[in-house]
Amino acid sequence: MLKMAQVLLIFCLAGATHALYKQWIPDTNYENKTNWDKGDVPCGSDRVQFSSQRKVSVFVETTHAVQEMMLPMDGEIILNSGAGFYVFSGQDPDCGAGVRTKFKDSESLHWYNPALWQAAATLKDLQDGHFLFSVHEESVPCQQDDVIFKALSSFRVDTSSSQTTIPVKSVSVLGKVFDSRLEFSEYLSSGSGQLQFHGSSAVTAGNPSCGDPTGCDCGNSVNHERICSAVTCGSLSCKKPLLAVGHCCEVCGAIVTIRYTDGFNLQNYRERIRHLFLSLPQYKSIQLGMSKVLKPERLMGIIPLGSSPEIQVVILDGETGKLSETLAQDMIKDVKSHGSILGITRADIQTASEPGNSAGTVVGAVFGVLIMITLIVIVVVLIRKGVVQMPPMPPMPSMPSMPSLNRFRRSTNVGDLNGEIDRGFDNPIFDKPDMLNNIPGTDSIFMTQTGVHFVNPAYDENETDFTI
């Protein structure tokens, strides 16, 4: 009863949404010291310089003193309420002698760089810093996600990709949420929109949220190469590194793949794992990413057969994967106990500590061979019934004529059979049959057309004769 109550409690805790919140990390804020080449926010004795040839949108939260400021040819400074600049007369005692400091270039910050995004299940988690781990493709906003640019912040992002549009559910800029395609398109055409978003692809808001309780595909697989080009993979120490679907690098850890029924709910299951396992002290260091993926299927590992949806759970512990394997085994036990209630029909595990089981590969190979044999039999039957006709065979090339046997005749002139025949040497017995009567002991030898016959005196009583 207690286990049943736990299951029902988890289902009640989860909401109906399947979208995540993806927040852009970089900014072009004046108060962010990482945006300045000297590593500090300019003070009253400093001379501030923005590149004249670069477009930039800078957000200023408070008031600042400077000695001088060089502004860009095309840019904007967004002032928060009560913010501004003033020129400090003389040397600021809290600033020192002062330096010339330059605002860094933000042109190279790309939308499809997974390191520049943070993900959370709720806005509260986003504010509290409870971020989710995802594979690289899903670290970038998916087509059903809500995109967040910090409220008191500005930015500049390159949205170039191989597609003309980047669909998302909604976009929040400077605290305003855009969930309409038309409304956000108007913002992109504004002066601020053109300075904040640039590139060959246009971000579009208003994409519908995921209506499938089992989850939806992220939609970033078409930009996999672009995403991975921004990722640097580190060295690994595990025995058998794993490569998850949608990830750019092999990892040390564990992967659990789940097959499910229509009764499965991805968000509920994510919350269940979070409350039952990730809240435990021993799993505090675990990173876990869970999502629906389209796993490619290949016949005998070679011939593409399309893809099938499954739930992929990637578990990392930052080390060799031993702790990840332990958590994966706990999840498998939970599936065995409550899988029918959760809508899970099967769960498989891959670990980086030991080589995986090859049984699945063997079964797949045997199944592939059987399919090939079946196809061959079907084709043969269709051909015999005339449903499928074989293409006409091309004419065979003419064979070279065989040499005449006359060439192989002996040069000796055989002549007419009625003529004189050269017998090589004279046999006084066979050449002159009349001589047999004159030779003693030859009275029992007879010559006929079929051969020479003689009587054997040892078997004379049986009148046995032999033919030569």
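Reader: Is aspartate 146 buried or exposed?

Author: Aspartate 146 is buried, with a relative accessible area of 8%. Buried here means under 20% relative accessible area, exposed means over 50%, and partly exposed is in between (1.4 Å probe, protein chains only). Before we go on, this is a predicted model, where local features need pLDDT of at least 70 and side-chain atom pairs count only at pLDDT 80 or more, while totals for chains, interfaces and linings use all residues. Residues are numbered from 1 along each chain as its sequence is written, and side-chain values use heavy atoms, with hydrogens and water left out.

Reader: Ok. Which strand is aspartate 146 in?

Author: Strand β10, which covers residues 146–148. Strands (E, at least two residues) and helices (H or I, at least four) are DSSP runs, numbered from the N terminus.

Reader: And what is aspartate 146 in contact with?

Author: Leaving aside neighbours within four places in sequence, aspartate 146 is in contact with Ala19, Leu20, Tyr21, Lys22, Lys169 and Ser170. Contact means heavy atoms within 4.5 Å. With serine 170 there is also a polar contact of 2.5 Å between the two side chains. That term is for a pair of N or O atoms within 3.5 Å; within protein, one must be able to donate a hydrogen and the other to accept it, and residues adjacent in sequence count only if both atoms are side-chain atoms.

Reader: What's the strand order in the sheet around β10?

Author: The order is β9-β1-β10-β13-β14, an open sheet of five strands with mixed pairing. The edges are β9 (117–120) and β14 (176–178); each has a single partner strand, so one side of each is left without a neighbour in the sheet. From one strand to the next, the twist averages 20 degrees. Two strands pair if DSSP finds at least two bridges between them.

Reader: How many bridges between β10 and β13?

Author: Three, in the parallel sense, with β13 spanning residues 170–173. Isoleucine 148 has serine 172 as its bridge partner in β13.

Reader: Which helix lies across β13 and β14?

Author: That's α4 (residues 181–188), running at about 120 degrees to β14. Axes are lines fitted to C-alpha atoms, for helices over the stretch in contact, and angles run from 0 to 180 degrees between N-to-C directions.

Reader: What about the loop between β13 and β14, who's in there?

Author: Leucine 174 is found there. Its phi is near 55 degrees, a positive value in a residue other than glycine. Leucine 174 counts as partly exposed, at 33% relative accessibility.

Reader: Let's talk packing. Which residues have the most contacts inside the largest nonpolar core?

Author: Trp111, Phe149, Val171, Val173, Phe184, Phe197 and Val203, in a core of 26 residues. A nonpolar core is a set of buried Ala, Val, Leu, Ile, Met, Phe, Trp, Tyr and Cys residues joined through side-chain atoms within 4.5 Å. The elements giving two or more residues to this core are β13, α4 and α6 (224–228). The largest share, three residues, comes from α4.

Reader: And what does phenylalanine 184 contact?

Author: Apart from neighbours within four places in sequence, phenylalanine 184 is in contact with Val171, Val173, Phe178, Phe197, Val203 and Ala205. Another core lies apart from that one, with 23 residues, among them Ile258, Phe264, Ile273 and Phe277.

Reader: Switching topic: how many residues of β3 are buried?

Author: Five of the five, residues 56–60, so β3 is largely enclosed by the rest of the structure. Val56, Val58 and Val60 are buried on one side, and Ser57 and Phe59 on the other. β3 pairs with β6 (residues 75–79) in the parallel sense over five bridges, and phenylalanine 59 stands opposite isoleucine 78 in β6.

Reader: Last one, what's the mean pLDDT of the chain?

Author: It's 82, and 74% of the residues reach 70 or more. pLDDT is the predictor's confidence in each residue, from 0 to 100. Over residues 356–367 the pLDDT is below 50, and this stretch has two contacts in the model beyond near neighbours in sequence. Residues 463–468 are also below 50, with 14 such contacts. Where pLDDT is low, the predicted coordinates should not be read in detail.
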